[in-house]
Amino acid sequence: MMMHCNHPYHLVEKSPWPLTSSLSAMFMTTGLAMWFSVQNSSLLVVGLVSMMFSATQWWRDISREGSLQGLHTFKVTTGLRWGMVLFIVSEVLFFFSFFWAFFHSSLNSTMEIGAQWPPTDTTPFNPFQIPMLNTAILLASGVTVTWAHHAIMENLFSQSCLALLFTVILGVYFSALQGLEYYEASFSIADSVYGSTFFVATGFHGLHVIIGTTFLMMSLVRLLMAHFASNHHMGLEAAIWYWHFVDVVWLFLYTSIYWWGS
Amino acid sequence: NITFNKQIMASLTARTVLRTSVRCLHSSNRCAEKALPTSATHATGLERRELDAIAAGNDNPFDMRIIKRLSGATREKPTEIPSAFEKRIMGCVCEEGSTHINWMWLDRGVSKRCECGHWFNLIKSTPVSEM
């Protein structure tokens, strides 16, 4: 590649993915409104499919630029680090708002729900059954993902693959159990502010678990495809940070909504 | 109690799956020989050249570091600014702590004087892509 400048920064080549992903975001949001109002989900489905496509193509390009073209110099990885950290901070703020909503409604329960929390005739989940298992699963996945990271840094390929695989399995297990819980729930999102706060907070958390699991799974694929070096594996580090964030959010969810909130 | 049994089944399944996978992966020798490279051997392209330059002792391969002016730089003995190209923008901070930067283009081979009296010229340095 001919260099026109002598600097370590990565000036990316022209790409259609920012446009396709922003169009997909528009289709998804409009489609969601259409689904809610006139019960037609086609635009939403189109938006979701095109978003998945745009995201995979964009991230595939980034993997290629970094691992295969060698464009990720030290300055570039520093920038990526900052980017991921700031993104996770924005996600923390996102969840902060749902916790605010929960505490707003639960600390000073209105007459309409019986001036108590949980509201009258609401059966919460027993925090010492599946939710406790879910907590153990996520904590264990935090251990396995740290194991994977140390294995990579210490040049232990098979152990790193194994540990990362275990993390992904635990992530899938969490999602499956949470899905079962949702199915078995005695209340729905429409059941007073309890249902709203519960399902919006845990629902978004579940979505983040799925995203985090996918990110870790893709990192495992890249590890098996020899994209990573023992001292340069920014994609995996970003996935690990995200996973720890997901874990911490669950701990807050568990202690406040599942435990205190019962 | 149905929920309680499901919980036991769930944890038992998990433990069995984990133990079986550990057994399977331990007995397979395919991955055992593979080792992870360091970026010294794994890197390519610009990243590789940056690493090679640093390994060779050049910790400023892109000429990005702030350069301290020679005290009393004159036309005969200007402060030398490295660049891989024929011209480069440079900013002179005339006094320590000054909030104004005097930006100027420097051309190779032509000495230039900043208004504060210091002289600069551009000298050739190897770009990282050719190191």
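Modeller: The span to look at is residues 5–262 of chain A, whose end C-alpha atoms lie 61 Å apart. It is 76% helix and 0% strand. Helices (DSSP H or I, at least four residues) and strands (DSSP E, at least two) are runs numbered from the N terminus. UniProt, in an unreviewed entry, gives residues 5–262 of chain A the feature "domain: Heme-copper oxidase subunit III family profile". UniProt positions follow the numbering used here, feature names are shortened, and annotations may be inferred rather than shown by experiment.

Some ground rules. This is a predicted model, in which local features need pLDDT of at least 70 and side-chain atom pairs count only at pLDDT 80 or more, while totals for chains, interfaces and linings use all residues; side-chain values use heavy atoms, without hydrogens and water. Residues are numbered from 1 along each chain as its sequence is written, with chains lettered from A and ligands numbered from 1 in the order written.

Now the fold. Chain A has 7 helices and 0 strands. Read along the sequence, its pattern is α-α-α-α-α-α-α. The C-alpha trace of chain A spans about 70 × 45 × 30 Å along its principal axes.

In the unreviewed entry, UniProt lists "transmembrane region" at residues 42–59, 80–103, 128–148, 160–178, 198–221 and 241–261 of chain A. Take two of them. Residues 160–178 of chain A are 100% helix and 0% strand, with the end C-alpha atoms 27 Å apart. Residues 241–261 of chain A are 95% helix and 0% strand, and there the ends are 28 Å apart.

Arg81(A) and Glu237(A) meet in a salt bridge through their side chains, at 2.6 Å from N to O. A salt bridge here is a side-chain nitrogen of Lys or Arg within 4 Å of a carboxyl oxygen of Asp or Glu. The pair ties together distant parts of the chain, 156 residues apart. Arg81(A) sits in helix H3 (residues 74–107) of chain A, and Glu237(A) in helix H7 (residues 234–260) of chain A. Over all chains, the structure holds 4 salt bridges.

Helix H2 (residues 42–68) of chain A holds Met51(A). Setting aside neighbours within four places in sequence, Met51(A) is in contact (heavy atoms within 4.5 Å) with Ser21(A), Ser24(A), Ala25(A) and Met28(A). Met51(A) and Ser22(A) are 29 residues apart in sequence, and their C-alpha atoms are 8.3 Å apart in space.

Most residues other than glycine have a negative phi, and most peptide bonds are trans. Pro118(A) lies in the loop between H3 and helix H4 (130–153) of chain A. The peptide bond from Trp117(A) to Pro118(A) is cis, with omega near 0°. Asp121(A) lies in the loop between H3 and H4 of chain A. Its phi is positive, near 60°.

The contact takes 42 residues from chain A and 34 residues from chain B. Together the two chains bury about 3000 Å², 64% of it on carbon and sulfur atoms. Buried area is the accessible area (1.4 Å probe) that two parts lose on being put together, summed over both. Between chain B and chain A there are 0 salt bridges. There are 10 residue pairs in polar contact, both residues at pLDDT 80 or more. A polar contact is a pair of N or O atoms within 3.5 Å; within protein, one must be able to donate a hydrogen and the other to accept it, and residues adjacent in sequence count only if both atoms are side-chain atoms.

On the side of chain B that touches chain A, helix H1 (2–27), helix H2 (39–42) and helix H3 (45–55) of chain B each give two or more residues. H1(B) supplies the largest share, 10 residues. By class, that side has 18 nonpolar, 11 polar and 5 charged residues. Ala, Val, Leu, Ile, Met, Phe, Trp, Tyr, Cys and Pro count as nonpolar, Asp, Glu, Lys and Arg as charged, and the others, Gly among them, as polar.
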